[in-house]
Amino acid sequence: QVQVVESGGGEVQVGGSLRLSCLISGLTFAEHAMGWFRQAPGKEREGVGCITWSGEMFYYPDSVKGRFTISRDSAKKTMYLQMNSLKPEDTAMYYCAADPVTRRYFGHQRLCISGTKLDLNWGQGTQVTVSS
């Protein structure tokens with residue numbers, strides 16, 4: 001059974017930084033696309049950073065581009081989201097997700113853009129609050 005567990009959330013000041021971690025087990029880590037999503041109250045879940053199964057291509061929406069960076073460590077089976085220059089609008093529940101499909105073509109875009117419509121393996125979420 002695939003398990004996805006996020007950690008690292010918390011409260012930070014405006015302009016601060018935070019790094020989220022996601023431990024993924026139950027699948028071949030380096031053969032699946034994966035990504036980070038967030039959902040604020042009253043808003044739809046959106047992808048904020050996704051990576052191809054090969055780890056060679058990335059996707060970020062304009063709202064976080066230049067501030068967020070996704071990375072992963074296959075040895076530790078862990079994906080990270082480094083968030084810098086945080087803004088109040090970044091406040092949300094952040095979710096990690098892994099694609100059950102092996103080597104999905106253009107998975108970085110497909111997950112971040114259409115991930116909420118795909119049958120992904122989701123974590124329980126970790127709260128990020130940016131305060132002034």
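Before you click on anything, here is one rule for the first stops: two rings of Phe, Tyr or Trp (its six-membered ring) count as a pair if their centres lie within 6.5 Å. Planes under 30 degrees apart are called stacked, those over 60 edge-to-face, and the rest tilted. Keep in mind, too, that this is a predicted model. With that rule, a search of the whole structure turns up two aromatic pairs.

**Stop 1: Phe37 and Trp122**

Select Phe37 and Trp122 and show their side chains. The ring centres sit 4.9 Å apart and the planes meet at 65°, so this pair is edge-to-face. Now trace the chain between the partners: Phe37 belongs to strand β4 (residues 34–39) and Trp122 to strand β10 (residues 121–122), so the pair links distant parts of the chain, 85 residues apart. Are these two residues buried or exposed? Phe37 has a relative accessibility of 1%, so it counts as buried. Trp122, at 28%, counts as partly exposed.

**Stop 2: Tyr105 and Phe106**

Next, pick Tyr105 and Phe106. This aromatic pair is tilted, with 5.1 Å from centre to centre and 35° between the planes. You'll find Tyr105 in the loop between β9 (92–98) and α1 (107–114). Tyr105 is exposed, with a relative accessible area of 60%, while Phe106 is partly exposed at 31%.

Together, Met57, Tyr105 and Phe106 make up a nonpolar patch on the surface, with about 320 Å² of accessible area.

**Stop 3: Arg45**

Which rings does Arg45 lie over? Select Arg45 along with Tyr95 and Trp122 to see. Arg45 lies over the face of Tyr95, at 3.8 Å from the ring centre. Arg45 also lies over the face of Trp122, here at 4.6 Å from the ring centre.

**Stop 4: Pro41**

Jump to Pro41, in the loop between β4 and β5 (46–51). Pro41 counts as exposed, at 80% relative accessibility.

**Stop 5: the disulfides**

Finally, show the cysteines. How many disulfides are there? The count comes to two.

Start with Cys22 and Cys96, whose sulfur atoms are 1.9 Å apart. The torsion about their S-S bond is about -80°, so this disulfide is left-handed. Cys22 sits in strand β3 (residues 18–25) and Cys96 in strand β9, so the link joins distant parts of the chain, 74 residues apart. Cys22 is buried, with 0% relative accessible area, and Cys96 is buried with 0% as well.

Then go to Cys50 and Cys112, with sulfur atoms 2.1 Å apart. Their link has 95° about the S-S bond and is right-handed. Because Cys50 lies in strand β5 and Cys112 in helix α1, the pair ties together parts that are 62 residues apart in sequence. Cys50 is buried at 0% relative accessible area, and Cys112 is buried at 8%.

To finish, count the bonded cysteines along the chain: the disulfides follow the pattern 1-3, 2-4.

How values were computed. Residues are numbered from 1 along each chain as its sequence is written. This is a predicted model: local features need pLDDT of at least 70, side-chain atom pairs count only at pLDDT 80 or more; totals for chains, interfaces and linings use all residues. Side-chain values use heavy atoms; hydrogens and water are left out. Helices (H or I, at least four residues) and strands (E, at least two) are DSSP runs, numbered from the N terminus. Buried means under 20% relative accessible area, exposed over 50%, partly exposed in between (1.4 Å probe, protein chains only). A charge sits over a ring if NZ of Lys or CZ of Arg is within 6 Å of the ring centre and within 35 degrees of the ring normal. Patches are made of residues with over 30% relative accessible area and no salt bridge: like charges are joined within 9 Å, nonpolar side chains (Val, Leu, Ile, Met, Phe, Trp, Tyr) within 5 Å. Accessible areas come from the Shrake-Rupley method with a 1.4 Å probe; for residues, only the protein chains shown count as cover. A salt bridge is a side-chain nitrogen of Lys or Arg within 4 Å of a carboxyl oxygen of Asp or Glu. A disulfide is a pair of cysteine sulfur atoms within 2.5 Å.
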